[in-house]
Amino acid sequence: GCKLNRLGFGEGGEMQNFALRPMKRVRVGFVGIGGRGTGAVHRVSMIPGVQIVALCDKRAEQVEKNIAWLKEQKYADVDKIVKYVGDEAYKELCDFGACDVVYCATPWALHQPVALRALNGGKIALVEVTSALTVDECWELVEASEKWRIPCMQLENCVYGEIELLE
């Protein structure tokens, strides 16, 4: 655990060896569903025990495009997915009570604000690389994770791809 400008345990304690209780169903909301985010929606929709409950993007057409794709796939409860649209809409999604995980695939400058809002809203934060742009922003994520005892995971999605492993 750490605190800005000093060493020591953060408010909630270190997250090393921390484990959540198993969940029968994981409810996921997506922020930023353009190219990379759309791919994440497609992949996550196929995972048993995971339910997509919210989609958020600054562009309404991206939300509708992903809803249409989920309908084509006959995704269960697609009509119950909550839609958030606008530059600040991610804040509402991060505060949405029927969501366990916020998956952030926005442009880089929004990664840290979305992940921090998700953690402070009681949600597990999954954030595409890079999760923050400064060391201080990194520590804010660490401290929020420790304070609330909620995981924050930086996602890397091409290091272990088939092509990358062949090189």
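Let me start with a term: buried means under 20% relative accessible area, exposed means over 50%, and partly exposed is in between, with a 1.4 Å probe and protein chains only. By that rule Ile124 is buried, at a relative accessible area of 15%.

Now the ground rules. This is a predicted model, where local features need pLDDT of at least 70, side-chain atom pairs count only at pLDDT 80 or more, and totals for chains, interfaces and linings use all residues. Residues are numbered from 1 along each chain as its sequence is written, and side-chain values use heavy atoms, with hydrogens and water left out.

Back to Ile124. It lies in strand β7. Helices (H or I, at least four residues) and strands (E, at least two) are DSSP runs, numbered from the N terminus. What does Ile124 contact, leaving aside its neighbours within four places in sequence? Leu20, Asp100, Val101, Val102, Ile150 and Pro151. Contact means heavy atoms within 4.5 Å. Take Ile150 from that list. Ile124 and Ile150 are 26 residues apart in sequence, and their C-alpha atoms are 5.7 Å apart in space.

Next, the sheet. Two strands pair if DSSP finds at least two bridges between them.

Two pairings to look at. β7 (residues 124-128) and β8 pair in the parallel sense over 4 bridges. There, Glu128 has Leu155 of β8 as its bridge partner. β3 and β4 pair in the parallel sense over 6 bridges. Gly29 has Ala54 of β4 as its bridge partner. How many of the 6 residues of β3 are buried? The count is 5, so that strand is mostly covered.

Now pockets. The method uses a 1 Å grid over the protein atoms alone. A cavity is a set of points where a 1.4 Å probe fits but cannot get out; a pocket is an open set with protein on both sides within 12 Å along at least five of seven lines. Lining residues have an atom within 4 Å of a point. Grid points are joined across faces, edges and corners, and a volume is the space filled by probe spheres set on the points.

The largest pocket holds about 240 Å³ of space. Its lining has 18 residues, with Gly32, Asp57, Lys58, Thr106 and Pro107 nearest the centre. Which elements give two or more residues to that lining? α1 (35-44) and β4 (50-57). The largest share is from α1, with 3 residues. By class, the lining has 7 nonpolar, 6 polar and 5 charged residues. For the classes, Ala, Val, Leu, Ile, Met, Phe, Trp, Tyr, Cys and Pro are nonpolar; Asp, Glu, Lys and Arg are charged; the others, Gly among them, are polar.

The second largest pocket has a volume of about 170 Å³. Ile124 is back here, among the lining residues, along with Ile150 and Pro151. Leu20, Arg21, Pro22 and Met23 are also included. The classes are 6 nonpolar, 1 polar and 3 charged.

Last, the backbone. Most residues other than glycine have a negative phi, and most peptide bonds are trans. Asn17, not a glycine, has a positive phi of about 65°. It sits in the loop between β2 (6-7) and β3, and is exposed at 75% relative accessible area. Lys74 has a positive phi of about 60°. It lies in the loop between α2 and β5. Buried or exposed? Lys74 is exposed, at 73% relative accessibility. Finally, the peptide bond from Val129 to Thr130 is cis, with omega near -10°. Thr130 is in the loop between β7 and α5 (135-148).
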